[in-house]
Amino acid sequence: MKTRKIILLIVFILGVISLLILSSFISHNACEYANSNLDYIKDKTQAAIVADNFEQSKYLAYKALNSIEKTRSNFVECGCDGAIESLEAALFYLKDATKASSFSASKELLHTALENMEISGKVLKIFEEESVSTYGNDVLLLNTTEALKQQGGVVLSDANPIKKQVHNCLLGFESSLDKVVTGVECNEAYQFISKIHEEASETLLNTELSEHKKQYHHRVQTITMGALQRLGECSEQ
């Protein structure tokens, strides 16, 4: 009964918060979302490599493939051409992996796709670091292709009031999630938090989300990942 009350409380808090956060951001960092989505794509590709059978592997590979298609505009908006090229290469190998004649052949292609994703992530990280250093550590560059064409670009203060509002609104959710980690049986807690994390990750792949929605789901993704790391691998025990 206590476990159910805690879980229901979290669901209620998330519902209320999502209704409260209705204002829009004046700008955003496309590279941050591209990087977050890339992590999700790599997770699905890695899962496809270690899948129990070929059909399950193809299913996971298709999820990674479709996710690249959905998030491509984020990479284009970010403006990092090197990351885009590596991502396109990963997409090519993922497609070939789903058409492979055998599981072993598919795995080789998946490994190559994953390598290109890793390269894309590293290039993207360097691109972000160079962009931030250009404007100082106290600002975030609005990394859009259009902004990069302008002299000086467009910058956004790190002390964004709406970002702070999202953070503060989710403090209650974070506190309730802590109770799940410490007060709910490990396997049940892991499954429950994993579902929330998965939903947030999949939602972030929608490039048509408004900025406040992106910020909200990105924060939920970060909080739930921290909770899962605290739980460890109990779901596999």
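Modeller: Axes are lines fitted to C-alpha atoms, for helices over the stretch in contact, and angles run from 0 to 180 degrees between N-to-C directions. Helices are DSSP runs (H or I, at least four residues), numbered from the N terminus. This is a predicted model, in which local features need pLDDT of at least 70 and side-chain atom pairs count only at pLDDT 80 or more, while totals for chains, interfaces and linings use all residues. Residues are numbered from 1 along each chain as its sequence is written, and side-chain values use heavy atoms, with hydrogens and water left out.

Biologist: At what angle do α2 and α9 pack, and how is that angle classed?

Modeller: Helix α2 covers residues 30-49 and helix α9 covers residues 186-204, and their axes lie 9 Å apart at about 120°. Angles under 35 degrees count as roughly parallel, over 145 as roughly antiparallel, 65 to 115 as roughly perpendicular and the rest as oblique. At about 120°, α2 and α9 are therefore oblique.

Biologist: Which residues of α9 make the contact with α2?

Modeller: Contact means heavy atoms within 4.5 Å. On the α2 side the residues are Y33, S36, N37, Y40 and K44. Their partners in α9 are E198, S201, E202 and L204.

Biologist: How are α3 and α4 oriented to each other?

Modeller: The axes of α3 and helix α4 (residues 81-99) come within 9 Å and cross at roughly 155°. Residues meeting there include F54, L65 and V76 of α3 and A83, L91 and T98 of α4. The two helices are therefore roughly antiparallel.

Biologist: Where does α3 bend?

Modeller: Helix α3 runs over residues 54-78 and spans 35 Å from its first C-alpha to its last, close to the 36 Å expected (1.5 Å times one less than its number of residues). A bend is the angle between axes fitted to the seven residues ending at a residue and the seven starting there. For α3 the bend is about 45°, at T71.

Biologist: Which residues of α10 meet α2?

Modeller: Helix α10 (residues 211-231) packs with α2 at about 45°, with the axes 12 Å apart. This pair is therefore oblique. From α2 come E32, Y33 and S36, and from α10 come E211, K214, Q215, H218 and Q221.
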